[in-house]
Amino acid sequence: MWLYLVVLMGLYYLLRWYRERQVVSHLRDKFVFITGCDSGFGNLLARQLDLRGLRVLAACLTEQGAEQLRNQMSDRLQTVILDITKTESIAEATEWVKEDVGDRGMARGSLSIG
């Protein structure tokens, strides 16, 4: 019985270690698009990724939130105003991202802040 428990715990930690070791190649050359950056988790994530050297495209609901984030972070972080309840706002933000990113690509997958 104890042996099964030890084996399961070992497999759990091995899987956890493997997932944490996965890396997206050339991450600093890619862009990360984050919504809800005025405050809360989106704001924290945008700040953390900017501090790690990633290129962050931060979508904020208000100009005040965007300006505050822009003024406190590096030039790698860029902001756009986005109201996800309005189709035209989404279309404008989509075009902005396409123009800014071009064929350089967006980072895909999940990132953990540790």
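Which residues have the most contacts inside the largest nonpolar core? I would like to start there this morning, with the reminder that what we have on the screen is a predicted model. The largest nonpolar core has 15 residues, and those with the most contacts inside it are Ile34, Ala46 and Leu69. As for where this core comes from, strand S1 (31-34), helix H2, strand S2 (55-60) and helix H3 (63-72) each supply at least two of its residues.

The protein chain has four helices and three strands, and if you read along the sequence they follow the pattern α-β-α-β-α-β-α. Of the 114 residues in the chain, 28% are buried. The chain exposes about 8,500 Å², and 56% of that area is supplied by carbon and sulfur atoms. If we take the contacts with a separation of 6 or more, then 45% of them are made by residues 24 or more positions apart.

Leu69 deserves a moment by itself: leaving aside residues up to four places away in sequence, Leu69 touches Cys37, Asn43, Ala46, Arg47, Ala58, Cys60, Leu77 and Thr79. You will notice Ala46 in that list, and Ala46 is also among the residues with the most contacts inside the core.

Let me turn to the charged residues. Side chains of opposite charge can pair when their charged atoms come close. The structure holds four salt bridges, and I will go through some of them.

Which residue forms a salt bridge with Asp50? The partner is Arg76, with the closest N and O atoms 3.7 Å apart. This pair links distant parts of the chain, since Arg76 is in the loop between H3 and S3 whereas Asp50 is in helix H2, 26 residues away. Asp50 counts as buried because its 2% lies under the 20% cut-off. Within helix H2, which covers residues 40-51, Asp50 touches Val56, Met73, Ser74, Arg76 and Leu77, again not counting residues up to four places away in sequence.

A further salt bridge joins Lys98 and Glu95, where the closest N and O atoms are 4.0 Å apart. Both residues lie in helix H4 (residues 87-101), three residues apart, which is about one turn of the helix. Here Lys98 counts as exposed, at 53% relative accessibility, and Glu95 counts as partly exposed, at 40%.

Asp83 and Lys86 form another salt bridge, with 3.8 Å between the closest N and O atoms, and Lys86 is partly exposed, with a relative accessible area of 46%.

How values were computed. Residues numbered from 1 in each chain as written. Predicted model: local features only at pLDDT ≥ 70, side-chain atom pairs only at ≥ 80, totals over all residues. Heavy atoms only, no water. Buried < 20%, exposed > 50% of the residue type's maximum accessible area, 1.4 Å probe, protein only. Contact = heavy atoms within 4.5 Å. Areas by Shrake-Rupley, 256 points an atom, 1.4 Å probe, with all protein chains shown as cover. Core = buried A, V, L, I, M, F, W, Y, C linked by side-chain atoms within 4.5 Å. Salt bridge = Lys/Arg side-chain N within 4 Å of Asp/Glu carboxyl O.
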